Amino acid sequence: MVRGKIEIKKIENVTSRQVTFSKRRSGLFKKAHELSVLCDAQVAAMIFSQKGRSYEFASSDIQKTIKRYVEYKRECFGAETHPIEQYVQGLKKETVTMVKKIEVLEVHNRKLMGQGLAFCSVKELQDIATQIEKSLYIVRSTKAKLYEDELKKLEAKERELKDERVRLCGKV
């Protein structure tokens, strides 16, 4: 009896699909077993059904085979790691760096606010005092500049109002 060729496409009938899945899974595992016996090869096959069930065959311990595969892949393709993996690892490193920087800045900020000064050395306290004085100088300079600008605006407005008063008095 000759088997006919079938077109490889999804089987629409659910029952037929399940029967075909079961038969072909058994056939695949049978071939894997034959390969392992005939060629003394380590063979492992894993299949996940559409419903999420897992089926596996292994000629020896499947965990050891998977571990061996992962090590082989790392040795052979280690230099060619995926760009996504490299990107994710870079982001993890950057995250760690940023967390450390944030912690340092928070400690520094608390010191500037006068908290946690008990464990500071005299030199650190002098540096903090110098930094606060510089900051205070910058704040006062900015404040003076704003006052000066506001004063100039008010003087210009005063001149406009005086000119307007003179003009109105001249009309009266």
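Modeller: A disulfide is a pair of cysteine sulfur atoms within 2.5 Å, and by this rule the count comes to 0 disulfides. This is a predicted model, in which local features need pLDDT of at least 70 and side-chain atom pairs count only at pLDDT 80 or more, while totals for chains, interfaces and linings use all residues. Residues are numbered from 1 along each chain as its sequence is written, and side-chain values use heavy atoms, with hydrogens and water left out.

Biologist: Why is Cys120 called buried?

Modeller: Buried means under 20% relative accessible area, exposed over 50%, and partly exposed in between (1.4 Å probe, protein chains only). Cys120 has a relative accessible area of 13%, so the residue counts as buried.

Biologist: And what makes Cys169 exposed?

Modeller: Its relative accessibility is 51%, and because exposed means over 50%, Cys169 falls in that class.

Biologist: How do you know that Lys111 and Glu124 meet in a salt bridge?

Modeller: A salt bridge is a side-chain nitrogen of Lys or Arg within 4 Å of a carboxyl oxygen of Asp or Glu. For Lys111 and Glu124 the N to O distance is 3.7 Å, so the pair qualifies. This pair links distant parts of the chain, with Lys111 in helix H3 (residues 83-112) and Glu124 in helix H4 (residues 122-171), where helices are DSSP runs of H or I, at least four residues, numbered from the N terminus.

Definitions and conventions. Helix = DSSP H or I, 4+ residues; strand = E, 2+ residues; numbered from the N terminus.
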